Amino acid sequence: MRRRLVEITQARLAGRIDLVGRHFAPDVIIHCSKFGVFLPGVIQGRDAFVANLKRAEEEWEPFEGEILQILVEGARNAMRWRASWRHRGTGHVCSLDMAYFLRWRDGLIVEMHEYMDSPVSKPDAFGAVKPLASLIARSNPGLTRTEMVDCARELADYLTPRGPDYDRLRRHYCPDIVCEFVGDRARIPYAGRHIGVDAVIGIVKSINVDFEQLDFSLSDILVDGEALACRRTVEWRHRGTGRRGVVELAEFLRFENGRVVELVEYRDSVTILEMQGELETP
């Protein structure tokens, strides 16, 4: 499965769309990000998926990329990768940081969830940022799979009737955690890389000032060695506008000695901006 993901990525960067399509089942279902290559929503079927890829290829040329992380558990996997694209008409270059959750059947992908944010309009936007896994040496997580999943659930359910449980965050995050919120800082102020549990708690506090969390759910939890990936949804209400929305997130955690030492999070910035009144729903 890892080898096939590398092949798919290489074929996509080489513009070999038909080769990419061979790895997807005829009845594949693609759940598209609102900031993705395709229109938001669901694409059903390999033919429609390949046709959308070819339309995107007519406008945007991929010219470099790298796989940042691959997790495999059973017939499911999650991956992060980063790529740069050049507009064929204007020459404009942008970079995208993307995540995918995939489900396989008989050696073919039958379902894919796509996560990405708005592209960054600098060719070197990600060049100076090394993959998080290269910053901290690989080690034993210090927890069983069940304990890692329980930790992820507790972190997702950190709100109490009195507000966020910051002691819970300090208990599960290591003091010098490396946290990266993928996205455009011009749209989401806390996007980017942050070091230390106090920095993460500060972000949680600022989010709690603006938003009231009404509900949450976790799905597609994968554990591969010391790494865990999951999809999460949260229902928020903006305290200023009163608007509600369901925000989809993808999270990648790495554990060491019983605590989370890395966190990478992708989020649905479109819904956040709509709730804030900064982006109107079409």
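Predicted model: local features only at pLDDT ≥ 70, side-chain atom pairs only at ≥ 80, totals over all residues.
Residues are numbered from 1 along each chain as its sequence is written, and side-chain values use heavy atoms, with hydrogens and water left out.

Q213 sits in strand β11, and here helices (H or I, at least four residues) and strands (E, at least two) are DSSP runs numbered from the N terminus. Leaving aside residues up to four places away in sequence, Q213 touches A156, Y158, L159, V234, E235 and W236, a contact being heavy atoms within 4.5 Å. With one of these, W236, the side chain of Q213 makes a polar contact of 3.4 Å. A polar contact is a pair of N or O atoms within 3.5 Å; within protein, one must be able to donate a hydrogen and the other to accept it, and residues adjacent in sequence count only if both atoms are side-chain atoms.

Now to the sheet around that residue. It is an open sheet of six strands in the order β10-β9-β14-β13-β12-β11, with mixed pairing, and two strands are said to pair if DSSP finds at least two bridges between them. Its edge strands are β10, residues 192-195, and β11, residues 211-224, each of which pairs on one side only. From one strand to the next, the twist averages 20°, and for such angles the axes are lines fitted to C-alpha atoms, for helices over the stretch in contact, with values running from 0 to 180 degrees between N-to-C directions. Within this sheet, strand β12 (residues 227-238) runs antiparallel to strand β13 (residues 244-256), and eleven bridges join them; A227, for instance, has R254 in β13 as its bridge partner.

Two helices pack on this sheet. Helix α4, residues 145-156, touches β9 (173-181), β11, β12, β13 and β14 (259-267), and its direction makes about 165° with that of β11. Helix α6, residues 197-210, touches β9, β10, β11 and β12, and its direction makes about 55° with that of β9.

What covers the buried residues of helix α7? The cover includes β11, β12, β13 and β14. This helix, residues 269-276, is mostly covered, since seven of its eight residues are buried, and those seven are S269, V270, T271, I272, L273, E274 and M275. At its N-terminal end α7 is capped by D268, with a side-chain oxygen 3.3 Å from the backbone nitrogen of V270, and just after the helix G277 takes a positive phi of about 80°.

Let me turn to the other sheet I want to show. This too is an open sheet of six strands with mixed pairing, in the order β2-β1-β6-β5-β4-β3. Here β2 and β3 (60-73) are the edge strands, each pairing on one side only, and the twist from one strand to the next averages 20°. Strand β1 (residues 24-32) runs parallel to strand β6 (residues 108-116), joined by four bridges, and F24 has I109 in β6 as its bridge partner. Four bridges also join β1 to strand β2 (residues 41-44), this time in the antiparallel sense, with V42 in β2 as the partner of H31.

A search of the whole structure finds zero disulfides, a disulfide being a pair of cysteine sulfur atoms within 2.5 Å.

Finally, the protein as a whole. There are seven helices and 14 strands, and buried residues make up 49% of the 282 residues. Among the contacts with a separation of 6 or more, 58% are between residues 24 or more positions apart.

Methods:
Buried < 20%, exposed > 50% of the residue type's maximum accessible area, 1.4 Å probe, protein only.
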